[in-house]
Amino acid sequence: MSKYAIIIGAGPAGLTAAYELITKTDIIPIVLEKSDKIGGISRTEEYKGNRIDIGGHRFFSKSDVVMNWWRNILPVQGFPSRDDINPKNGLIKKSVASRLSDGGPDPEKKDRVMLIRSRLSRIFFLRKFFDYPIAINWQTLSSLGFTKLVKIGWTYIQIRLFPIKDIENLEQFFISRFGKELYETFFKDYTEKVWGVPCTQIDANWGAQRIKKLSISRTLIHFFKSLFIKTKSVDQKNVDTSLIEQFMYPKLGPGQMWETVAKIVTEKGGKILMNAEVIQIELQNDKIDSVSYKDKITGKIEKTEGHYFFSTMPVKHLIRSMGSKVPSTVRRISDGLMYRDFITVGLLLKILKIGTKENPIKDNWIYIQEKEVKIGRLQIFNNWSPYLVSNSENIWIGLEYFSNVGDELWSMGNEEFIDFAIKELVLIDIIEEDAVLDSTIIKMPKAYPAYFGTYSEFDKIREFTDKIGNLFLVGRNGMHKYNNQDHSMLTAITAVKNIMNNVTSKNNIWEINLEKDYHEEK
């Protein structure tokens with residue numbers, strides 16, 4: 001008889017697990033997706049032919065396993081894309097020619113292709129641009145001024161001479177890496193805008209997972225190395241993830257990757273059920289027997305049994321769905337887990353005030369640190385892929401806001417919020433109001449698992465779920481862990497390997513995306 005794996009969620013972790021199972025085992029995956037869209041937060045939204053990448057997804061990893069996995073699904077371009085050609089002379093830009101893959105597809109003729117893109121992220125602060133991560137160069141030095149530079153240097157020397165012994169919160173983490181002055185200049189306000197709480201209330205684990213080894217000293221080393229050595233390979237093995245200069249990107253946005261994977265899974269015999277909301281999980285003797293889900297279209301409730309169960313749903317919802325079998329302490333901690341929600345406003349523009357038609361800005365992301373506005377980040381979708389915008393004469397941008405369901409931002413009507421967002425960009429001199437051609441809005445609840453609330457007690461939830469032998473928690477929300485896309489995939493790949501090799505411990509899944517070099521796996 002066939003064995004079945006029930007996978008909750010059709011995001012990167014869920015679909016990676018489904019793909020690994022269907023291609024490497026005789027276990028048939030059945031994916032239950034609550035929404036009507038593939039990809040989770042890594043999906044691509046489309047509006048009148050223009051595509052939105054929710055949150056921005058660079059396809060880069062230090063793991064060869066993940067890099068090769070992606071390239072196997074979407075081969076790297078072998079010919080220039082639309083914006084790889086110099087419009088003045090019709091020739092391929094010098095920086096592009098060395099990146100093309102021999103025998104790779106032509107993005108002007110085929111859609112199933114991975115582009116190689118240049119990375120540029122900057123901070124917009126005091127109406128000036130600063131490199132992100134902060135670079136030690138003339139532009140930064142001249143923009144900050146002598147007094148500020150002295151304070152930054154002095155507080156950094158202080159923290160190196162007198163380091164913080166017990167780093168417990170995010171403020172201490174940042175100060176230990178960058179010194180107090182640089183932290184208060186570039187990290188404090190933005191981070192509190194993202195999370196909605198003071199850095200002193202956020203667990204230091206967030207910094208360890210997101211920033212890893214980045215510090216002033218490593219930034220200086222990278223700066224001087226880059227003066228003499230240019231890395232041509234997209235793998236960039238000797239470069240910190242925060243400092244990479246190029247990355248892969250699907251022609252039609254991140255959702256294209258997961259839509260392609262979903263198609264492969266179903267063609268090989270797996271099942272993906274959309275609009276299937278999990279409402280109950282039957283737990284017996286430290287094993288899951290079945291999952292009940294409601295068809296959100298028909299309202300019909302179905303039950304499906306399986307041998308293995310993968311969960312990428314928010315831990316809070318997973319625990320609730322198990323009902324009375326969950327110990328009261330675990331239920332209390334689960335109910336206290338918190339999340340940050342996400343709003344994106346898409347604006348189609350004639351032009352930006354920053355940059356010109358002849359010399360447009362090349363940023364993928366701009367981090368907005370101006371205190372008088374609530375916008376957190378600005379994406380320029382044209383620079384992720386020229387194929388995300390239907391008319392290349394226009395500029396297609398995404399304004400990103402961090403929110404909580406029910407708060408002032410989340411409760412605004414769509415038209416009211418779009419008008420509010422436009423006025424914010426006008427206020428900080430990024431656009432003129434009459435440059436807006438069209439607009440849309442997308443709201444994404446539970447986009448980011450938070451490292452406050454009852455997070456400090458999360459180990460008790462893990463202890464409970466780890467004892468359920470056929471349950472595997474994978475992915476960002478599935479583990480309540482701020483994983484990048486590649487980390488989420490690695491948790492799923494590792495879980496499937498454990499099944500194949502009869503490994504009962506789940507420690508190796510939880511160890512992914514810790515401070516140590518998990519990502520150097522070959």
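Reader: Why is methionine 248 called buried?

Author: Methionine 248 has a relative accessibility of 0%, and buried means under 20% relative accessible area, exposed over 50% and partly exposed in between, for a 1.4 Å probe and protein chains only; methionine 248 therefore counts as buried. The model is predicted, so that local features need pLDDT of at least 70 and side-chain atom pairs count only at pLDDT 80 or more, while totals for chains, interfaces and linings use all residues. Residues are numbered from 1 along each chain as its sequence is written, and side-chain values use heavy atoms, with hydrogens and water left out.

Reader: Where does methionine 248 lie?

Author: Methionine 248 is part of strand β8, residues 246–250. Strands are DSSP runs of E with at least two residues, and helices are runs of H or I with at least four, numbered from the N terminus. The C-alpha atoms of methionine 248 and glycine 453 are separated by 35 Å, and the two residues are 205 residues apart along the chain.

Reader: What makes lysine 48 exposed or buried?

Author: The relative accessible area of lysine 48 is 59%, which is set against the limit of over 50% for exposed; lysine 48 is therefore exposed. Lysine 48 is placed in the loop between β3 (44–47) and β4 (50–53). Its phi is near 55°, a positive value in a residue other than glycine. Most residues other than glycine have a negative phi.

Reader: How do you know whether histidine 480 is buried or exposed?

Author: Histidine 480 has a relative accessible area of 1% and is therefore buried. This residue is in the loop between α17 (476–479) and α18. Histidine 480 also has a positive phi, about 50°, although it is not a glycine.

Reader: Which backbone atoms does the side chain of asparagine 382 reach?

Author: The side chain of asparagine 382 reaches the backbone oxygen of asparagine 394 at 3.0 Å and the backbone nitrogen of tryptophan 396 at 2.9 Å. Asparagine 382 is found in helix α13, residues 381–384. With 14% relative accessibility, asparagine 382 therefore counts as buried.

Reader: How do α1 and α18 pack?

Author: Helix α1 (residues 12–24) packs with α18 at an angle of about 35°, and their axes are 8 Å apart. Axes are lines fitted to C-alpha atoms, for helices over the stretch in contact, and angles run from 0 to 180 degrees between N-to-C directions. The residues of this contact comprise nine nonpolar, three polar and two charged. Here Ala, Val, Leu, Ile, Met, Phe, Trp, Tyr, Cys and Pro count as nonpolar, Asp, Glu, Lys and Arg as charged, and the others, Gly among them, as polar.

Reader: Which residues of α2 are buried?

Author: In helix α2 (residues 64–73), the buried residues are Asp64, Val66, Met67, Trp69, Trp70 and Ile73. They pack against α1, β5 (114–118), β8, α10 (254–267) and α18. At the start of α2, a side-chain oxygen of serine 63 comes to within 3.2 Å of the backbone nitrogen of valine 65.

Reader: What makes a set of residues a nonpolar core?

Author: A nonpolar core is a set of buried Ala, Val, Leu, Ile, Met, Phe, Trp, Tyr and Cys residues joined through side-chain atoms within 4.5 Å. The largest has 125 residues, of which Trp69, Trp70, Trp195, Met257 and Phe310 touch the most other members. A second, separate core has 31 residues, including Val373 and Leu409.

Key. A polar contact is a pair of N or O atoms within 3.5 Å; within protein, one must be able to donate a hydrogen and the other to accept it, and residues adjacent in sequence count only if both atoms are side-chain atoms. Contact means heavy atoms within 4.5 Å.
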